[in-house]
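Me: I am new to this structure and would like to learn how to read it. Please take one feature at a time.

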Amino acid sequence: MLLAHAIALAEARSYLAALADQSDALKTTVAYDDALLYLDSIHADQVPALELLPPLETGLLHVLTEKALTDLAPFGLDPLHLELLLAMIGDAREDAAAAMPPDPGRES
């Protein structure tokens, strides 16, 4: 594995782990963990360590995660695997939005 590949993979794994850690709903946490496990299985579990990230806004984490996953494409990540990972993350994001309680100060 090239150094650039290892860095891109470590970033993607770290962002997915941060999304799972910062999630309020168990279902969403499990969905992000599933995406992380799927990414690890694609790389035959020969993956770099995670980096602990400070708490970040969830929307920013999603953007960073999607960019980090897209950055893996030049290193041989199959486009189908990439699309599946992005779909898994999108589904988890929708689950998180559905689990959020409505804002009492906002009119419907």
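Me: Which residues touch the most other members of the largest nonpolar core?

Reply: A nonpolar core is a set of buried Ala, Val, Leu, Ile, Met, Phe, Trp, Tyr and Cys residues joined through side-chain atoms within 4.5 Å. Buried means under 20% relative accessible area, exposed over 50%, partly exposed in between (1.4 Å probe, protein chains only). Here the largest core has 23 residues, and Ala-12, Leu-16, Tyr-32, Leu-39, Leu-69, Leu-72 and Ile-89 touch the most other members. Two or more residues each come from α1 (3–22), α2 (26–42), α3 (58–70) and α4 (79–99); α1 gives the most, nine. Helices (H or I, at least four residues) are DSSP runs, numbered from the N terminus.

This is a predicted model: local features need pLDDT of at least 70, side-chain atom pairs count only at pLDDT 80 or more, and totals for chains, interfaces and linings use all residues. Residues are numbered from 1 along each chain as its sequence is written, and side-chain values use heavy atoms, with hydrogens and water left out.

Me: What does Leu-69 touch?

Reply: Contact means heavy atoms within 4.5 Å. Not counting residues up to four places away in sequence, Leu-69 touches Ala-12, Leu-39, Leu-77, Leu-82, Leu-85, Leu-86 and Ile-89.

Me: Which residues of α3 are buried?

Reply: An α-helix has 3.6 residues a turn, so residues three or four places apart point the same way. In α3 the buried residues are Gly-59, Leu-61, His-62, Thr-65, Ala-68 and Leu-69.

Me: Is Thr-28 buried or exposed?

Reply: Thr-28, in helix α2, is buried, because its relative accessible area is 1%.
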